[in-house]
Amino acid sequence: MCGIVGYIGNRQAAPILLDGLSKLEYRGYDSAGIAVHSVDKINMVKSKGRLKVLEELTHNGSTLNGTVGIGHTRWATHGSPSDQNAHPHFNKNNSIVIVHNGIIENYLKLKKKLEKKGYEFISETDTEVIVHLLDYYYSGNPLQAVTKIMHRMEGSYALGIIFSDHPNELYAVRKDSPLIVGKTEGGNVVASDVPAVLKYTRNVYFVENEEIVRMTRDEMEFFTVDEEPIEKTSVEIEWDINAAEKGGYEHFMLKEMYEQPKAITDTFSPRLKGQDIVIEELNMSDQDIKSIEKIMIVACGSAYHAGVTSKYVFEGLAKIPVEVDLASEFRYRNPLLREGTLVIVISQSGETADTLAALREAKELGSRVLGIVNVVGSSIAREADNVMYTWAGPEIAVATTKAYSAQLIALYLLAMKFACVRGELTDHELAAMVEDLKALPAQVEMLLNNKNKIQRFANRYLAAKDVFFIGRGIDYAISLEGSLKLKEISYIHSEAYAAGELKHGTISLIEEGTLVASVLTQKQLYKKMISNMVEVRTRGAFVLAVTNEGNVEVERAADYVIYIPETNKYFANSLAIIPLQLFGYYIAIGRGCDVDKPRNLAKSVTVE
Ligand code: F6R
């Protein structure tokens, strides 16, 4: 996590750095800092707290003069959020300054060695090791010093570096943390992610692992770790710059919830050709699809929840066995991937460290890896054998909504495609499903427009301590996501349970007034769910139900019912999640939480 930026050019650097950091705050926001080279020295300002503290301290950058600088917004890994631990970090005589995104895994060993050589550490960060190491190896040639430290460091890093005796140069280097650079009118920029530079350029270079960039005002050169020059071509970014603005909504999260109908449409429409599903980017022949024996889905957080939903869809529709695993578990459990296993990794950012590592592990074990990714050109998108993009556009709020919804659509399309090719879905059945798919955007919109009802209900539960979400089958997968939405932004403890599992221990936590949100979208499971709801209700729970229109029987067992429109049973998640997202959002608002930037979180989890 953490976001880094850098600028070298003809303009004042500080305002550009602050502006870039404001677009990267989603990567971390517990402290921020900038360093600018001015005449013969480097000036630095950094502070604990949000970027606005830094903006105030520097009068929006006007107190720092100079046209070469680097900046950082932090998500603490080593050392608590504090002024001292905030980046940038200096070497001992303030002649080298760096910003870092990533983790240096062998920093303790390096720190001990450096301490023996007389280096003193003033922060608790792993980053400070890097700048002292640079100082140790530096003898007037920045490129050489950078390559030397690369041989010594283990772990992940994206770095921005300034050497005060090379005031017309800015260095950047990357290993396993994202980094892009771009040429602008009268200068060059570097950043962790595209939105930070979009205002200045649409042509960016994706820096690959172990590549070094040397920038001057007019030039940009790339080198390998052996100091060999590399030729690179730029990529044009097509995003709409306004997509990353709030556009009149109070929060990005609300705006992004409202963008779900579009995200859903944009994800399915290019892949529907008449009544056929065509996923060109799959690059799999019918024979390839027929020979899939198993699907292994790997992801983190909400993307994992989308994967859990799709297990029911792939198995139910295409009759392919599916295993779903958390990327952080998968990568260390020596997974058994046999020939015939298709590995699908799902990620909004395309940079999640565990998911990326799982992808690499799967490729190393000889599996074909399909990435379902939102951010174009991200590491996962580039490293997967094939990539199927979710066209949700930039997602800024830390809690995902529209990217999750788009992931579901991509997974439905894949399952439908596989089912057709494998002869498990007739043309007639497919046509009906396609009609249901096309109806989803309007149905989602209708549910969003019902937000006042959800808000009124949420206001009754602002003081809740524990909330349980229960469901069976796909409804369990929906519960997982509903529960995560609530807890991550409102800080109310919540748990999702497979409804039948509750009485194997957890039911002892139900007491008078405990809210139990029950999801019932699967007709074949209605009766079983109603029994589970009655069980908790007789123990004092207040039961909220999310169910299909027409299932009025549920009113016997629930205290409050939210109805969702009829759809294909495999698509129910796309509708049932909407009131649950709104519920989490309004509870968080009612409790005065910062919904777009919940405490301790970051949007892009680039450390494991
Ligand atoms: C929750 C949320 C996270 C992400 C997870 C994976 O609202 O957004 O749980 O889903 O960190 O991130 P990506 O999809 O970027 O790999």
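**Salt bridges and a bent helix**

Author: The model is predicted. In it, K485 and E488 form a salt bridge, with their closest N and O atoms 3.2 Å apart.

Reader: Why is the contact between K485 and E488 called a salt bridge?

Author: The cut-off is a Lys or Arg side-chain nitrogen within 4 Å of an Asp or Glu carboxyl oxygen. The closest N and O atoms of K485 and E488 are 3.2 Å apart, so the pair qualifies.

Reader: How are K485 and E488 placed in helix α16?

Author: They are three residues apart in α16 (residues 474–490), which means a separation of about one helical turn. An α-helix has 3.6 residues a turn, so residues three or four places apart point the same way.

Reader: What makes K485 and E488 buried or exposed?

Author: Buried means under 20% relative accessible area. K485 has 0% and E488 has 15%, so both are buried.

Reader: Which label does each partner get in the salt bridge of E553 and R556?

Author: Their side chains meet at 3.0 Å, N to O. R556 is exposed because its 56% is over 50%.

Reader: What about E221, which pairs with R214?

Author: The salt bridge of R214 and E221 has an N to O distance of 3.1 Å. E221 is at 29%, so E221 counts as partly exposed.

Reader: Where does helix α14 bend?

Author: α14 bends by about 35 degrees at L440, and a proline, P441, follows within four residues. Both L440 and P441 are buried.

Methods: Residues numbered from 1 in each chain as written. Predicted model: local features only at pLDDT ≥ 70, side-chain atom pairs only at ≥ 80, totals over all residues. Heavy atoms only, no water. Bend = angle between axes of the 7 residues up to and from the residue. Helix = DSSP H or I, 4+ residues; strand = E, 2+ residues; numbered from the N terminus. Buried < 20%, exposed > 50% of the residue type's maximum accessible area, 1.4 Å probe, protein only.
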